[in-house]
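Student: Hi, I'm new to this one. Could you walk me through it while I look?

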Amino acid sequence: MEVELSTTIGENELKIQTGRLAKQASGAVLVQYGETIVLVTVVGSREERNMGFLPLTVEYMEKIYAAGRIPGNYFRREIGRPSEKETLTARLIDRPIRPLFPKGYSFEIQVIATVLSMDKENDPDCLAMIGASAALEISDIPFAGPIACVRVCRIDGELVVNPPISKWPEADMNIMVAGSKTGVVMVEGAAKIVDEADAIEAIFFGHKAIQPIIAMQEELKAKCGKPKRDYEPPEPDADLAEAVAAESTKKLREAILVPDKMGRQAAIREVKSNIIAKFEETHPDREDEVRDIFNTLKKKISRDLILKEKRRMDGRRFDEIRPIACQPGILPRPHGSALFTRGETQVLGTLTLGSGPDEQRIETLNGEEFRPFMLHYNFPPYSVGETRRMGGPSRRDIGHGGLSTRAVEPVLPDKEDFDYTIRIVSEVLESNGSSSMGTVCAAILSLMDGGVPIKTPVAGVAMGLVSEGDQVAILSDILGDEDHTGDMDFKVAGTRGGITALQMDIKIHELSRDIMEEALAQAKKGRLHIIDEMEASLGAPRNTISSYAPVIVTVEINPDKIRDIIGPGGKMIRAIQADTGTRIEIDDSGLVKIAATSKEESDAAIARIKEITAVPEVGTIYEGKVVKIMDFGAFVQILPGTDGLVHISQLANHRVKQVTDVVKEGDVIKVKVLEIGRDGKIRLSHKAVTD
C-alpha cells in the first residue's frame, strides 16, 4: 500500500512516502525535503540473540551520485570505510532511538539510511533521523516512538528551522533537536558563545517545530503500520531475586562506596564472584540469571544512594567538580602540549602547527572542503585498564572528537590574524567519565602553551541525572559508573561568556524544560570553576610560538608576475622550494605565503621571489648578463625574465664599430636604466656606468 504524507517545515515541504521501495524490509520510507531525498529501511531479526545489550546497528551512507558527481578517489566508488560525516550522523540517529526499544529486547535490529539525492542546500541528517523513526513506527518492531528532528539556527537574532546550508555561516547557534510529542530526547550542536537562556529557547523552539512531523508519523502508522510483535520483557524469579538481594546488598553497597574507580571495580567483582559461586551450589545452571539480578541490584543501590541518601560514590556534593591539575608545556618537541587531569580522567593534548598545504581535504556531497583545524581524539584500552585490539578510530573516537572540535573552534583566531593550519591530538591516558570534556580543556591549554592567540579559554563538563517519579538529582562532572546507572549524559562546553557546544543523550523517554534549565545553570557553575583552575596554571597564550613551529610569512607581488615565479611546468617554484627548504603557496591575487622551519630559510625564499618579481627603475644601475648580440646593440638581462637593450652608441664613450668589440654573449656587465617606454621596452647604457 503506497502512502504519501506531507507538511510544511521551515521554508520547504517535508514528504514521507512508503510502500513503493524496499518492500521486503520490516519498514521502509522515503523522506524528502527540497530535492534532498533519503531512503531509510529497518529490519528486525526473527532470531533472539542474548548479548546482554540491545543488538541495534545504525548505518548512514552518503552516495556521491546523490549530488550528481563521480567520487574523486582512485577507485571512483564509495570506499568501504564510512566518512567522518557518515559516522557522526549514524551516531545521531542511534542515540535518540536506542532508549525507545523495550527493556531486555534481544532481537537484532538494523537501520540503514541511504542518501539518494542531495540539493546542496538541505542537509540529509535530520531527514535520516525522521526516516528511522517513521520506518520503525510502521514496522512490526516494538518501538516507543515516534520522534522527530529539526535543525535550529539563530540568524540575525531570529530562530530559524532548517535553514539552507548556505545560511549556516551566518548563524551564531546551530543545533539539532530531537524529541517526542511531550519532551526533548537529544540535543547536539555548536554555538558562538551564547547564553544558557538562549540555548534553552532554541531547544524548545525546535521541540515545537517537530510536532507536525510527529503527527504525520502517527497518521502514517494508522494508515499502513503493521501490528507490533508480541514481546514481554523477561521477569526475574522473584524468590531468586530476593535471595540474591539478601545475600549481597550490604556488601555490594560497601563496594559501590569505595571512592576510587579501580578499587571500586575490584570490590564489586569480588562480591559478584562470591555470590555467583554461592548460588551455583543451590541454583545450578542459573548463573546468567543470578548475574542479571546482581547487575540490576547494583544499579538500584547506586541510584538509591543518590536519590534517598543524597550521596555519591566518591563522596562529592551533587554540584562538586573533582580535583583538577593542569600542566602545560610538558613535551619539548610538539609545538604546544598540556596534561589535564580531573579526578581519575587524564588527557594529554598536543598541538602541531602547519601551513596551508597541511589543511585536511575532504570530499563531501557539497564538494571538496578544506579544514584548517583538526582535533583528533584517541581512547586507547589502557586508559580503562583493559586489553583490546588496536585499530583505526572508532565511532566513539570520531564522535568525541567532533564534539570537542565544535567546542574549541569558536575561540580560534581568525585566519587573517594567525595563518596556520592547526592540529590538536587528544590522548586519553586515564578515563573515569567525561574524557571528551577533558579533551576540550587539554586542547585549550595546549593551544595557549603553543602561543596560539585564542580569543578566550573554553572548558567543558558532563552533567548527569537520576530520576524516579518526583525525585530528581542533577550531578556535575559525572563518573563513568554514574553515567552507566543514570538517566542522562549532558555535555556542556563554553567560555565565561556562554556556550560553544552541547550534546545531550537521555535513557528515559524525554526531558522537561525545568530539568534542562537547572542542568545548564549547574553546568555553568562547574565550567567557571574549571576555567579558574586552567587560568591558574596558564593565564594567557604565550607571547611566541614554538621555535620548532614553521615560520609563515606573506609577500604581495604583481599578479602578472605569478607565472614568472611558477615557471614552465612549475620548474621555478620547485627550484626555489628545494634550494631554500620552504613550502610556497601563491594566490591568484598575488599573495605569496612562505612556510619555513627557520627565519633564514624564509628570508632566502623572499629574496629569490623579490629578485624574480622586481620591477626595473629608471636611473638604477644593475649587473646583468648579455643574452643576445645584434648589429645595433646587445640585449642584457637585468632581472629574471627582464631584458633591456644597450644600443651600440651606449656601449662605450668612444665610437664602436662592432658590438662584439666591447661585449660578447655571456658577459656580465653593469648597465644603467635610461628609459622605460610605454610598451615596456627598456633602454640601457653601459657607458653611463663607465663614465
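Student: Where does Asp 156 lie?

Tutor: Asp 156 is in the loop between β7 (148–155) and β8 (158–161). Strands here are DSSP runs of E with at least two residues, helices are runs of H or I with at least four, and both are numbered from the N terminus. This is a predicted model, so local features need pLDDT of at least 70 and side-chain atom pairs count only at pLDDT 80 or more, while totals for chains, interfaces and linings use all residues. Residues are numbered from 1 along each chain as its sequence is written, and side-chain values use heavy atoms, with hydrogens and water left out.

Student: Thanks! Is Asp 156 buried or exposed?

Tutor: Asp 156 counts as exposed because its relative accessibility is 71%. The cut-offs are under 20% relative accessible area for buried, over 50% for exposed, and partly exposed in between, using a 1.4 Å probe and protein chains only. Its C-alpha atom is 7.7 Å from that of Glu 170, 14 residues apart along the chain.

Student: And what about His 484, buried or exposed?

Tutor: His 484 has 58% relative accessibility, so it counts as exposed. His 484 belongs to helix α10, residues 480–485. Between the C-alpha atoms of His 484 and Gly 433 there are 9.8 Å, with 51 residues separating them along the chain.

Student: Let's go inside. How many residues has the largest nonpolar core?

Tutor: It has 137 residues, and Ile 97, Ile 422, Leu 447 and Phe 490 have the most contacts inside it. A nonpolar core means a set of buried Ala, Val, Leu, Ile, Met, Phe, Trp, Tyr and Cys residues joined through side-chain atoms within 4.5 Å. Helix α2 (residues 125–138) gives the largest share of this core, ten residues.

Student: Which residues does Leu 447 touch?

Tutor: Leaving out residues up to four places away in sequence, Leu 447 touches Leu 351, Val 408, Leu 412, Ile 422, Ile 424, Val 452 and Ile 454. Contact here means heavy atoms within 4.5 Å. There is also a second, separate core of 20 residues, which includes Leu 257, Ala 267, Ile 293 and Met 313.

Student: New topic: which strands make up the closed barrel?

Tutor: Its five strands run β25-β26-β27-β29-β28, with mixed pairing. Two strands pair if DSSP finds at least two bridges between them. Strands β25 (residues 621–630) and β28 (residues 668–676) run antiparallel and are joined by five bridges.

Student: Why is the pair of Tyr 377 and Phe 379 stacked?

Tutor: Because the planes of Tyr 377 and Phe 379 are at 10°, with the ring centres 6.3 Å apart. Tyr 377 counts as buried at 3% relative accessibility, and Phe 379 is buried too, with a relative accessible area of 13%.

Student: What lies over the face of Phe 379?

Tutor: That's Arg 396, at 4.1 Å from the ring centre. A charge sits over a ring if NZ of Lys or CZ of Arg is within 6 Å of the ring centre and within 35 degrees of the ring normal. The charged end of Arg 333 sits over the ring of Tyr 548, 3.7 Å from its centre.

Notes: Rings of Phe, Tyr and Trp (its six-membered ring) pair if their centres lie within 6.5 Å; planes under 30 degrees apart count as stacked, over 60 as edge-to-face and the rest as tilted.
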